[in-house]
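Trainee: Hi! Could you walk me through the ligand surroundings and the cavities in this one?
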Amino acid sequence: MTTKKSKTVKWGEEPKIGWWEAMYLPAIAGGLATAIKHAFSGRTTTRQYPDVEPEIPPNYRGVHRLNRDEEGRVKCVACYMCQTACPANCIEIIAAPAPKDDPHWKDRDKFPQTFTIDELRCIYCGMCEEACPVDAIELTSVYDLTGYTRKELIFDKEKLLSVFDETSTAGKDPVRTNRGALGPASVEAATASQGPPPPGRGSHG
Amino acid sequence: MFEYLKQSWPTLWPTLGAIGVILAFVPVLGLYMTFIERKLAAYVQDRLGPNRVGPFGILQAIADAIKLFLKEQIIPDHVYTFLYFIAPTFSLMTAMFALVVMPFGPVPTEYTEGFRYIVAPGIDIGIMMMIAISSLSAYGIILGGWASNNKYSLYGAIRSCAQFISYEIPLGLSIIGIIAASGSLNIEQIVSSQGGAIWNWNIFWQPLALIVFFTSALAETNRLPFDLAECEQELVGGFHTEYGGIKFVLFFLAEYTHVVTVSFLTALLFFGGWHFPGLTGPVDANLGGMLLRTFVLVFKVTMVVGFIMLLRWSLPRFRFDQLMGLAWKGLIPLALLNFLCVAIVLTYDLPKHYLALTALFLVAGSMVSARHLQHTINRPRSEGRPATNVNLTESAI
Ligand code: SF4
Ligand code: SF4
């Protein structure tokens, strides 16, 4: 042996085959017994996926959603934090000043005119979610992302908002962020409506 | 010509009928064996197996067949086209040909008129022909490997060639004992010599022959513990690496036909064929009795097929030197010992009970050869490199 034996490496020997095993027949009988035991145990580990959907933990990192604030506007303030943080460069935002003359938007400065995420480039790392100062972008537990073309899977703002509508009405809100508890865009709304407290960071792991 | 046909019609139609039965059943059987095998594999591995096509997935086999037949026929540039096409056909042809002397139902020892459950009844060299033909099937594999012009295919073919040559010997030797004891090469005679009480089945008199026969027959079928010719982990697909679609199906069917042949032979030679306690005696023309006996035979064959499949999912593949060691150091001496034992009993007209002594020889013989095998298995693969040393990091331990 030319390599020096290091202390962290344990050198094992392949187990030698003894007389009993070398006779084959007892070992074969043993193997068959194991096979038969499993064949008749009736136990299966198969998941019947399309028929029975798996339980996805609420902190799963799946398809993104863009949250709405209490007034139904997109919560994002177009700060580009997520686009900067994204290691896969898959977020593209074009910001626009909020229409000041519209009473509906008068407390907001900026909003994303377009907001696209290439779901195929995304590595679902969750960096965008952590970067967002207003918890506007979140990764949901939606995992079955399919489409016929690549273009279909580049989600725009409307699509991302609709993911929010779907998941929030289905009661499948993600648990990682303090939704609604942070950021200037949501402070007023959060104090105004005395809804149930948002799930706190750490309470679900 | 027409006159001749008319004259020979009474003997011709049963033969044609039997050929028809075999031609109709073997592909369907082969297809469904793949399905059953997949199901069994799934159950052994705690899975569900194919269950999407039809109830319990029973139409899966048909879906597979349709898929394979509709596949594009790819002919690689570098193959020898003629041999490339001949090989799978040859494989299947020989596999089917071996079924000619195989009774698939109760057959009387004396051939009379009418339908018989065998293509060629009353062949006096039945078992010889069987072995001769089944050794031909190596040619299909070797041709396929050679024609593919691909190193993996060629390796597979060469391995299978060596394997066939080695395992042919114990296969033949193990049957000699049976032939000597029943005094005939005719399969019908061998089966009828096992009629009467269950104790007349050859398995009770020559268990060692059964083990040697079954092991070497399994090696001849190229199935898992001995499938070194295909060996996905080392040789991609072995001899059928370059084959796809229908051509692959033919190879596949040949393999399953072999399994059927081996199972039939095992049931016929060792488990009394269509005899069963309470259902022995001469074959009669009574249709119910015939069907019952056919059922008994098919049941036995099914059991053997199931056993072969179960073996596939229980045993790991042999290393090549172990494979050769098993044949030359284990099975051939054992088969010779067995034959010696039978020969002594027959020559000196000893009572048949002495044949059961082979059971003792089984234990003694396997122990003796086990000492050799133990040495073979534990020998490092090459000198100079401690192949048996594996380094395991602490996390692995
Ligand atoms: S999850 Fe990661 S990769 Fe995907 S958009 Fe967010 S930051 Fe980019
Ligand atoms: S980090 Fe949040 S608020 Fe900023 S652009 Fe991204 S989603 Fe919008």
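This is a predicted model: local features need pLDDT of at least 70, side-chain atom pairs count only at pLDDT 80 or more; totals for chains, interfaces and linings use all residues.

Trainee: Which residues are closest to ligand 1?
Mentor: Those would be Cys86(A), Cys122(A), Cys125(A), Gly126(A) and Cys128(A), out of 13 that surround ligand 1.

Trainee: And how does that shell divide into nonpolar, polar and charged?
Mentor: Around ligand 1 there are 11 nonpolar residues, 2 polar and no charged.

Trainee: OK, which residues come nearest to ligand 2?
Mentor: Cys76(A), Cys79(A), Tyr80(A), Cys82(A) and Cys132(A), from a set of 13. The shell of ligand 2 has 13 nonpolar residues, with no polar and no charged ones.

Trainee: Switching topic: how many cavities of 30 Å³ or more are there?
Mentor: The count is 4.

Trainee: Which elements give two or more residues to the lining of the largest cavity?
Mentor: In chain B, they are helix H4 (126-148), helix H5 (151-182), helix H8 (207-220) and helix H10 (245-270). H10(B) gives the most, 4 residues. The lining includes Met130(B), Phe213(B), Glu220(B) and His258(B). By class, that lining has 8 nonpolar, 3 polar and 1 charged residues.

Trainee: What volume does the second largest cavity have?
Mentor: About 110 Å³. Of its 13 lining residues, Ser91(B), Ile141(B), Asn222(B), Glu255(B) and His258(B) are the closest to its centre.

Methods:
Residues are numbered from 1 along each chain as its sequence is written. Chains are lettered from A and ligands numbered from 1 in the order in which they are written. Side-chain values use heavy atoms; hydrogens and water are left out. A residue is near a molecule or strand if one of its heavy atoms lies within 4 Å of it. Ala, Val, Leu, Ile, Met, Phe, Trp, Tyr, Cys and Pro count as nonpolar, Asp, Glu, Lys and Arg as charged, and the others, Gly among them, as polar. On a 1 Å grid over the protein atoms alone, a cavity is a set of points where a 1.4 Å probe fits but cannot get out, and a pocket is an open set with protein on both sides within 12 Å along at least five of seven lines; lining residues have an atom within 4 Å of a point. Grid points are joined across faces, edges and corners, and a volume is the space filled by probe spheres set on the points.
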